[in-house]
Amino acid sequence: MNSIVQSQSQPIKEGQTTRTTTHLLVKCPDQPGIVSKLSTFLFEHNANIVESSQYSTDPEGGIFFIRIAYNCENSAEKIKQMEKDFAEIAQQYNMTYRFHYPSIRQRSAIFVSSDLNCLMELLWEWQNGDLQMDIAVIISNYEFARPIAEAHGIPFYYIPANKDIRLQVEAKQIKLMHEYNIDLLILARYMQILTPNFVSHFENQIINIHHSFLPAFIGADPYSRAHQRGVKLIGATSHYVTNELDEGPIIEQDVERVDHRDDISTLKKIGGKIERRVLARAVRWHLENRIIVEGNKTIVFQ
């Protein structure tokens with residue numbers, strides 16, 4: 001495993017000094033002394049640790065993961081120096097790591113079809129300040145979301161989509177993602193399958209939501225078939241999108257108990273509520289840099 005650093009654009013202009021919070025995510029082979037080394041590094045750079053979470057797959061020869069939020073007086077020069085100094089530690093411990101600067105708001109694109117429930121939840125959380133991002137654009141294969149987007153001053157693009165024109169549609173969408181400098185794509189009940197080519201442009205940058213009946217009730221009208229089977233739990237799953245349909249690394253899940261008195265309409269309402277809150281939580285944790293993807297699973301530091 002090679003040492004890799006991924007850092008965002010410079011959060012402070014040259015010549016400025018300000019007190020900021022930074023998130024440092026690290027993955028490396030487990031061994032004694034890692035936490036001490038990281039703590040010493042931050043202490044030597046006058047940084048105060050405000051939050052720290054760690055996990056090891058196996059203390060004896062496993063993989064070690066840690067997320068540290070630290071606060072310090074920063075300047076553009078100091079940030080460059082800290083990243084340079086940390087590269088030496090990363091090489092010593094064979095670390096994969098990322099510096100994230102929350103003062104740089106991520107730019108998101110929301111993809112939606114005819115069901116607007118998840119879109120409305122995201123907009124509500126965003127307006128409340130609970131989702132620290134800039135919603136740069138909304139894209140849909142229906143016109144229903146246009147008035148909502150326009151009411152919020154968000155650019156809206158209606159791009160009809162189906163399997164016969166999928167490649168042309170995705171070419172337009174990829175072009176828009178680059179034009180709007182998008183960091184995160186949110187599929188808020190966007191009922192179209194993305195091709196491997198599209199997904200390859202945005203690895204671990206696409207978050208999807210779906211009901212948790214999969215794989216038991218695949219395809220159309222899952223709530224009707226779930227009702228026929230008399231399910232006792234319904235839920236939702238949010239995950240990063242990969243080439244395997246609805247099988248990417250899971251970020252968040254939730255369930256609620258139901259019974260024989262709940263008709264299909266009630267099941268759909270309950271399922272919709274779960275989907276909204278699960279998607280919002282997954283997006284928030286992504287924005288707060290609480291997620292490390294390891295293979296086809298995630299380490300989520302809550």
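**Asparagine 94 is partly exposed, at a relative accessible area of 28%.** For the accessibility words, buried is under 20% relative accessible area, exposed is over 50%, and partly exposed is in between (1.4 Å probe, protein chains only). Asparagine 94 sits in the loop that runs between α2 and β5 (96–100). Its phi is near 55°, which is positive even though this residue isn't a glycine. Helices (H or I, at least four residues) and strands (E, at least two) are DSSP runs, numbered from the N terminus. One bit of housekeeping: this is a predicted model, so local features need pLDDT of at least 70 and side-chain atom pairs count only at pLDDT 80 or more, while totals for chains, interfaces and linings use all residues. Residues are numbered from 1 along each chain as its sequence is written, and side-chain values use heavy atoms, with hydrogens and water left out.

**Here α1 and α2 are roughly antiparallel to each other.** Helix α1 (residues 34–44) and helix α2 (residues 76–93) have axes that come within 11 Å and cross at roughly 165°. Axes here are lines fitted to C-alpha atoms, for helices over the stretch in contact, and angles run from 0 to 180 degrees between N-to-C directions. Under 35 degrees counts as roughly parallel, over 145 as roughly antiparallel, 65 to 115 as roughly perpendicular, and the rest as oblique. The crossing of α1 and α2 is right-handed: a crossing gets that name if the near helix is turned clockwise from the far one by less than a right angle, and is left-handed if anticlockwise. From α1, Ile34, Lys37, Leu38, Phe41 and Leu42 meet Met82, Asp85, Phe86, Ile89, Gln92 and Tyr93 of α2. Sorted by class, the contact of α1 with α2 has 8 nonpolar, 1 polar and 2 charged residues. Ala, Val, Leu, Ile, Met, Phe, Trp, Tyr, Cys and Pro count as nonpolar, Asp, Glu, Lys and Arg as charged, and the others, Gly among them, as polar.

**The pair in this view, α3 and α8, is oblique.** The axes of helix α3 (residues 117–127) and helix α8 (residues 264–287) come within 9 Å and cross at roughly 45°. As for handedness, α3 passes α8 in a right-handed crossing. Asn117, Cys118, Glu121, Leu122 and Glu125 do the touching from α3, with Glu275, Arg276, Leu279, Ala280, Val283 and Arg284 on the α8 side; contact means heavy atoms within 4.5 Å. The residues of this contact split into 5 nonpolar, 1 polar and 5 charged. An α-helix has 3.6 residues a turn, so residues three or four places apart point the same way.

**An open sheet of 7 strands runs in the order β8-β7-β6-β9-β10-β11-β12, with mixed pairing.** At the edges are β8 (156–158) and β12 (250–257), each pairing on one side only. The twist averages 20° from one strand to the next. Helix α3 packs on this sheet, touching β6 (106–112), β7, β9 (184–187) and β10 (206–211), and its direction makes about 160° with that of β7. Strand β7 (residues 133–140) pairs with β8 in the parallel sense over 3 bridges; strands count as paired if DSSP finds at least two bridges between them. Look for serine 140 opposite tyrosine 158 in β8.

**Strand β9 is covered on both faces.** Leu184 and Ile186 are buried on one side, Leu185 and Leu187 on the other. With β10, β9 pairs in the parallel sense over 3 bridges, and leucine 187 faces asparagine 208. In the loop between β9 and α6 (196–200) sits arginine 189, a residue other than glycine with a positive phi, near 65°. Arginine 189 is buried, at a relative accessible area of 17%.

After α7 comes glycine 230, with a positive phi near 70°. Serine 224 and tyrosine 240 are 16 residues apart in sequence and 27 Å apart in space, C-alpha to C-alpha.
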